[in-house]
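User: I am new to this protein and would like to learn how to read its features one at a time. Could you take me through them?

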Amino acid sequence: MTAMIRRRPIAVTMGDPAGVGPEVAARAWAERHKHDLPPFVTVGDAAVIEAVWDGPVVRVNDMDEAGRLFDTALPVWHLEDSGPLTPGEPTAAGATCALHALETGIGLTRNGAAAALVTGPVSKHALQSIGYTHPGQTEFIAERCGVTATNAVMMLAGPGLRVVPLTVHIPLAEVPERLTAELIVAKARIVVRGLIRDFGIAQPRLAMAGLNPHAGESGRLGDEEIRIIAPAIEQLAAEGIVVDGPLAADALFAPGIRDRYDALLCGYHDQALAPFKALHFHDGVNLTLGLPIIRTSPDHGTAFNIAGSGTADPGPTIAAIAMAARMAGARARGCAAAA
């Protein structure tokens, strides 16, 4: 890890306190040496962590102090008590704590006190019960960072694969209408900038999946590849961006093909996430490109059904923290090279 990251801990929001977020954050700290994790601070209700974990916890309100104490206890940026809580049973008070943790984590990262932001899983239903109107955490983070939601691009990254769903949480029937050449071009540009800035890849290579079986078979199985995808790829090529495609999605994820590219662009949510989760269910990381800050998240939900049981797997949270650290290192090296 770079000295810069060692000085600035990563902010890890615990998410909904009734979910597994508090437990996996604590267990990630317990496995910090095994995975060479940089210092991090859990943001939320310290009492919730103490209720589900018997390891050392220290409450902090200074990031330098958190970095100094990290080796001996899990630093928690304590916000407020979330009230009486039963694991697995979300409450309005818990949702309020999760939202305050998210706001605080964004603030710590935007002002440079934290090197990156890792967001724990939240309950959208619980958040909506307290008046939260954003579709998810990504849109809220983008707004707080002064970025339009369309310029915040979801990427799923694992040791062997990076994928980008160009349309996300919409019905499948709406995809052909929402997947436009303009959308492909705009998001591909953001992906390329992110691969350069956050992964240190000097000349990224992308592949674009076809929307229809066999990439449309020259229009016989659909014409979106001809009308939408091919013109977008031509425009990107004119800008010097390397994008191959449209390629048949049923072959794109084969090892000999996917290994040629730094990221795969997919037309819709499950086209990207189904093969990704088959390969990286336990070590895949959800990250957001196009933001002024680094944001990653474990690729799972609140898991209310196992909260408080002591069986939650900290692997995805560990992967998200490690990914955030690597991205922060890439940005630091890029800034140093540009200076």
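**Reading the model**

Analyst: The protein has 14 helices and twelve strands, where helices (H or I, at least four residues) and strands (E, at least two) are DSSP runs numbered from the N terminus. The model is predicted, so local features need pLDDT of at least 70 and side-chain atom pairs count only at pLDDT 80 or more, while totals for chains, interfaces and linings use all residues. Residues are numbered from 1 along each chain as its sequence is written, and side-chain values use heavy atoms, with hydrogens and water left out.

User: How does the radius of gyration of the protein agree with that of a compact globule, and why?

Analyst: The radius of gyration is taken over C-alpha atoms, and the globule rule is 2.2 Å times the number of residues to the power 0.38. Because the protein has 339 residues, a compact globule would have a radius near 20 Å, and the value of 20 Å here agrees with that. Along the principal axes, the C-alpha trace spans about 60 × 45 × 35 Å.

User: What percentage of the residues is buried?

Analyst: Buried means under 20% relative accessible area, exposed over 50%, and partly exposed in between (1.4 Å probe, protein chains only). By that rule, buried residues make up 52% of the 339 residues. As for the surface, accessible areas come from the Shrake-Rupley method with a 1.4 Å probe, and for residues only the protein chains shown count as cover; the protein exposes about 14,300 Å², of which carbon and sulfur atoms supply 53%.

User: What volume does the largest pocket have, and which residues lie nearest its centre?

Analyst: On a 1 Å grid over the protein atoms alone, a pocket is an open set of points where a 1.4 Å probe fits, with protein on both sides within 12 Å along at least five of seven lines, and lining residues have an atom within 4 Å of a point. Grid points are joined across faces, edges and corners, and a volume is the space filled by probe spheres set on the points. The largest pocket has a volume of about 1,200 Å³, and among its 44 lining residues K124, M154, V168, H169 and N286 lie nearest the centre. Two or more lining residues come from each of α7 (137–144), β6 (153–158), α9 (181–199), α13 (269–280) and β12 (295–298), with α7 giving the most, four residues.

User: And which element gives the most to the lining of the second largest pocket?

Analyst: The second largest pocket has a volume of about 300 Å³, and of the 22 residues that line it, G158, P159, R162, M323 and R326 are the closest to its centre. The largest share of this lining, seven residues, comes from α14.

User: Where does the backbone have a cis peptide bond or a positive phi?

Analyst: In general, most residues other than glycine have a negative phi, and most peptide bonds are trans. Here the peptide bond from G245 to P246 is cis, with omega near -5 degrees, and P246 lies in strand β9 (residues 242–247). A215, although not a glycine, has a positive phi of about 55 degrees; A215 sits in the loop between β8 (205–209) and α10 (224–238) and is buried, with a relative accessible area of 15%. A303 also has a positive phi, near 50 degrees, and lies in the loop between β12 and α14, where A303 counts as partly exposed at 26% relative accessibility.
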